[in-house]
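The sequence and the structure are shown first.

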Amino acid sequence: MKATRLHLLRHGQVEGFEEKRYNGQNDVHLTAHGRQQSAAFAGRLQHLSLGGIYSSDLYRCRVAADQIALLQKVQPVYMEELRELHIGDWQGRTWKQLQQADPELWQARLDDIVHVAPPFGESLLQMAERVRPVVRKIIAAHIGEEIVLVAHGGVNRVILLDAIGAPLESLFHIEQDFGCQNIIDFYADGAAVVKKLNN
């Protein structure tokens, strides 16, 4: 049986990218370059006959999904479950601010990125448990088709780690640049093969 091919995309460059910060589930806007990256996805994928387009419901992802849909016969499905890690009280704050304000919690999270959550936020494991069933459901609904999923750096890394059978602790061993494309083939026996990474 033909594999289900997932084109896994990260949204374009966001405002404030110059400083490392946690945007989390804040609905930040794209830069001009980020909007260009979103539009470029449509051209890159226009030769495909997509069976579905799925996206985080946050604006920075919806822009790309909408652009892709202009040249396809399917409309995007926006899903709250595909949002970035909810970073709680840390949302909108820079890494530097957080390191200064709460160095102990900052270090604790570095030491255990999987289980330690920021105040009123979710841990990486909680985010993975939110995302995984949705991705499985999407794949199961499109056996043998090509589909697009537009999401975030953290979400994409979880999906990619699962595809290669790596633990969540390896999160930062995979890069996800703004506007990047990954391709994963999912097979009926449960196997997955990453065909393209951070392209």
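Thr94 counts as buried, at 5% relative accessibility; buried means under 20% relative accessible area, exposed over 50%, and partly exposed in between (1.4 Å probe, protein chains only). Thr94 belongs to the loop between β3 and α3 (95-101), where helices (H or I, at least four residues) and strands (E, at least two) are DSSP runs numbered from the N terminus. Leaving aside residues up to four places away in sequence, Thr94 touches Glu19, Lys20 and Arg21, contact being heavy atoms within 4.5 Å. The model is predicted: local features need pLDDT of at least 70, side-chain atom pairs count only at pLDDT 80 or more, and totals for chains, interfaces and linings use all residues. Residues are numbered from 1 along each chain as its sequence is written, and side-chain values use heavy atoms, with hydrogens and water left out.

Gly16 is placed in the loop between β1 and α1. With a relative accessible area of 28%, Gly16 is partly exposed. Gly16 and Val28 are separated by 12 residues in sequence and by 8.8 Å in space, C-alpha to C-alpha.

## The sheet

Six strands form an open sheet with mixed pairing, in the order β3-β2-β4-β1-β5-β6; two strands pair if DSSP finds at least two bridges between them. β3 (76-79) and β6 (192-196) stand at the edges with a single partner strand each, so one side of each has no neighbour in the sheet. From one strand to the next, the twist averages 25°; axes are lines fitted to C-alpha atoms, for helices over the stretch in contact, and angles run from 0 to 180 degrees between N-to-C directions.

Strand β5 (residues 181-186) and β6 run antiparallel and are joined by four bridges. Ile183 has Lys196 in β6 as its bridge partner.

## Helices on the sheet

Helix α1 (residues 32-45) packs on the sheet and touches β1 (4-10), β4 (146-151) and β5, its direction making about 160° with that of β1. Helix α6 lies across β1, β4, β5 and β6, and runs at about 150° to β1.

In helix α2 (residues 59-69), the buried residues are Arg60, Cys61, Val63, Ala64, Ala65, Ile68 and Ala69. Their cover includes β1, α1, β2 (52-56), β3 and β4.

## Pockets

The largest pocket has a volume of about 770 Å³. On a 1 Å grid over the protein atoms alone, a pocket is an open set of points where a 1.4 Å probe fits, with protein on both sides within 12 Å along at least five of seven lines; lining residues have an atom within 4 Å of a point. Grid points are joined across faces, edges and corners, and a volume is the space filled by probe spheres set on the points. The lining comprises 30 residues, of which Arg10, Arg21, Glu84, Trp95 and Arg157 lie nearest the centre. Helices α5 (124-140) and α6 (153-164) each supply at least two lining residues, and α6 gives the most, with three. By class, the lining has 12 nonpolar, seven polar and 11 charged residues; Ala, Val, Leu, Ile, Met, Phe, Trp, Tyr, Cys and Pro count as nonpolar, Asp, Glu, Lys and Arg as charged, and the others, Gly among them, as polar.

The second largest pocket, of about 350 Å³, is lined by 18 residues, with Val135, Arg136, Ile139, Phe186 and Gly190 nearest its centre. The elements giving two or more residues to this lining are α5 and α6. The largest share, six residues, comes from α5. The lining of the second largest pocket divides into 12 nonpolar, two polar and four charged residues.
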